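Let's take a walk through this one together. Have the sequence and the model open side by side, and we'll go from one spot to the next.

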Amino acid sequence: MGKREGDGGLKNLKRPKIVVSPPGPKAKAFIERDQAVTSPSLTRTAPLVGVEEEGVWVKDIDGNIFLDFSSGIAVTNVGHKHPQVVEAIKRQAEKLIFVNSCDFYTLPQVELMEKLCELTPGKFKKRVFLGNSGTEAVECALKIAQWQTRNYYVIAFIGGFHGRTMGSLALTTTSVSARRHFKGMMQGVYHVPYAYCYRCPFKQEYPSCGLACVEFIEEIILKKVVPPDDVACMVVEPIQGAGGYIVPPDDYLPALAKICKRNNIIFVVDEVQTGFCRTGKWWASDHVGIEPDVMVVSKAIAAGLPCGAAIARAELMDWDPNAHENTLGGNPIICEAALAVLDILKKEKLDQNAAKVGGYLLKRFKELAESHESIGDVRGRGMMIGIEFVEDRRTKKPAKDFRNALMEEAFKNGLILLGAGVSSLRLAPPLILTEEQADVGFEIFEESLKRVEKDR
Ligand SMILES: Cc1ncc(COP(=O)(O)O)c(C=O)c1O
């Protein structure tokens with residue numbers, strides 16, 4: 001194969017390298033081509049036209065090299081283009097690219113499902129359905145719940161993000177722009193407030209609130225709005241992702257699990273963004289000792305290849321043949337890549353690195369907030385850190401334009417950041433990030449923040 005634009009090693013880099021202010025001329029030309037044919041529904045945070053990647057670095061078409069604090073939304077947990085993943089893909093591609101997994105069997109598929117059963121919380125017997133994305137995993141969970149209970153009401157959370165197909169979209173409430181005009185989405189979803197303590201919908205403070213948001217579900221929703229026996233499932237993110245990296249108090253998820261148990265409601269935990277060591281443990285659920293009835297995962301599972309899975313208590317996935325299947329789920333190349341990811345996470349102890357370096361970063365950002373009024377809140381777990389910007393700390397008015405300007409400035413200086421919620425940034429670097437690299441990212445962030453504050 002001939003050399004492509006951007007080929008060359010990035011391994012030994014210490015800092016980002018900006019050779020032409022992004023977007024450079026090649027990126028501009030490419031983006032023009034893209035805009036002519038792409039669905040404009042894609043948000044496109046920054047004019048990054050990636051051509052090469054390695055570890056924590058991404059190189060663009062003009063030769064700029066960026067430090068990635070996004071991991072493509074918590075996907076490249078093991079680092080970009082990990083050699084073991086590349087090797088696994090190549091090895092499998094030379095043996096067998098595809099036989100469909102609904103009619104036939106492949107070796108990597110069963111091995112991956114066994115590993116997922118073993119690694120996810122709960123020692124009970126489980127079954128797995130493999131799909132192609134997070135949203136498909138959520139659809140599977142919804143179908144399991146309907147099949148099992150013959151009910152279809154669902155409890156979901158305001159600010160939650162679960163995908164964009166008509167079932168998962170019905171749960172998603174990060175913003176009305178994702179929902180506008182889609183009147184055919186799944187019916188029967190009741191949205192309740194999440195434990196977003198920085199902006200408590202009940203205007204209370206934790207812990208004196210006594211988890212008023214949980215009480216609201218049991219005392220109001222299940223007593224006045226929908227009878228518990230009509231509810232099929234509750235679907236919750238253990239940390240809200242697109243909603244703003246919102247970490248609930250430790251007793252919140254166990255309290256939700258208890259409501260579900262008491263009322264025979266299937267407890268579905270969406271670990272699409274939090275899973276695979278992102279939070280400093282294998283699952284965000286592990287921090288608070290919950291064992292979901294169904295867990296949905298995707299994103300980091302196969303280092304960027306399309307894959308999603310619903311892992312359920314075996315007795316919940318006892319549906320009939322043909323009740324649910326797909327064509328491309330369980331693709332052997334993707335399963336091999338996923339098996340490599342699981343092996344790397346374990347071997348390189350990336351849960352521990354996420355906890356250590358993520359904890360270090362969180363501390364630095366909390367210290368930074370002390371001297372920057374524009375930062376309203378800093379929160380996080382492991383390498384999942386949210387920073388929320390406000391116009392005024394007292395009124396907490398969201399500073400969305402400021403957040404966007406900071407993202408743009410940081411990008412110009414070689415740091416990739418992503419937004420979340422109304423005015424937050426989400427930091428989700430690859431979990432291989434070292435303390436030195438964390439410092440480099442932090443310094444670019446601080447410099448960019450100072451510049452944007454000056455222009456305010
Ligand atoms: C928590 C969560 N669930 C589900 C999804 C949907 O995943 P996908 O974009 O792969 O459909 C996302 C995507 O961001 C997510 O963050």
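Start at Gly414, which comes after helix α12 and has a positive phi, near 95°. Before going further, keep in mind that this is a predicted model. The mean pLDDT of the protein is 96, with 98% of its residues at 70 or more. The stretch to treat with care is residues 1–7, where the pLDDT is below 50. That stretch has seven contacts in the model beyond near neighbours in sequence.

Helix α12 covers residues 400–412, so to speak a run of 13 residues. From its first C-alpha to its last, α12 reaches 19 Å, close to the 18 Å expected at 1.5 Å a residue. Which residues of α12 are buried? They are Phe402, Arg403, Leu406, Met407, Ala410 and Phe411. The cover over these buried residues includes the strands β3 (65–68), β12 (384–389), β13 (415–416), β14 (418–420) and β15, along with helix α13 (435–455).

One of those covering elements, β15, is worth a stop. Strand β15 runs over residues 424–427, and Ser424 sits in it. Is Ser424 buried or exposed? Ser424 counts as buried because its relative accessible area is 1%, and the cut-off for buried is under 20%. Its side chain makes a polar contact with the side chain of Arg379, at 3.2 Å. Setting aside neighbours within four places in sequence, Ser424 is in contact with Gly244, Arg379, Ile387, Glu388, Arg403, Leu418 and Gly419. You've met Arg403 already, as one of the buried residues of α12.

Let's move on to the open spaces. The second largest pocket has a volume of about 900 Å³. Of the 30 residues lining this pocket, Gln109, Met113, Arg127, Val128 and Phe129 are the closest to its centre. Helix α4 (107–119) and strand β4 (126–131) each supply at least two residues of that lining. The most comes from α4, with six residues.

Methods. Residues are numbered from 1 along each chain as its sequence is written. This is a predicted model: local features need pLDDT of at least 70, side-chain atom pairs count only at pLDDT 80 or more; totals for chains, interfaces and linings use all residues. Side-chain values use heavy atoms; hydrogens and water are left out. pLDDT is the predictor's confidence in each residue, from 0 to 100. Contact means heavy atoms within 4.5 Å. Helices (H or I, at least four residues) and strands (E, at least two) are DSSP runs, numbered from the N terminus. Buried means under 20% relative accessible area, exposed over 50%, partly exposed in between (1.4 Å probe, protein chains only). A polar contact is a pair of N or O atoms within 3.5 Å; within protein, one must be able to donate a hydrogen and the other to accept it, and residues adjacent in sequence count only if both atoms are side-chain atoms. The expected span of a helix is 1.5 Å times one less than its number of residues. On a 1 Å grid over the protein atoms alone, a cavity is a set of points where a 1.4 Å probe fits but cannot get out, and a pocket is an open set with protein on both sides within 12 Å along at least five of seven lines; lining residues have an atom within 4 Å of a point. Grid points are joined across faces, edges and corners, and a volume is the space filled by probe spheres set on the points.
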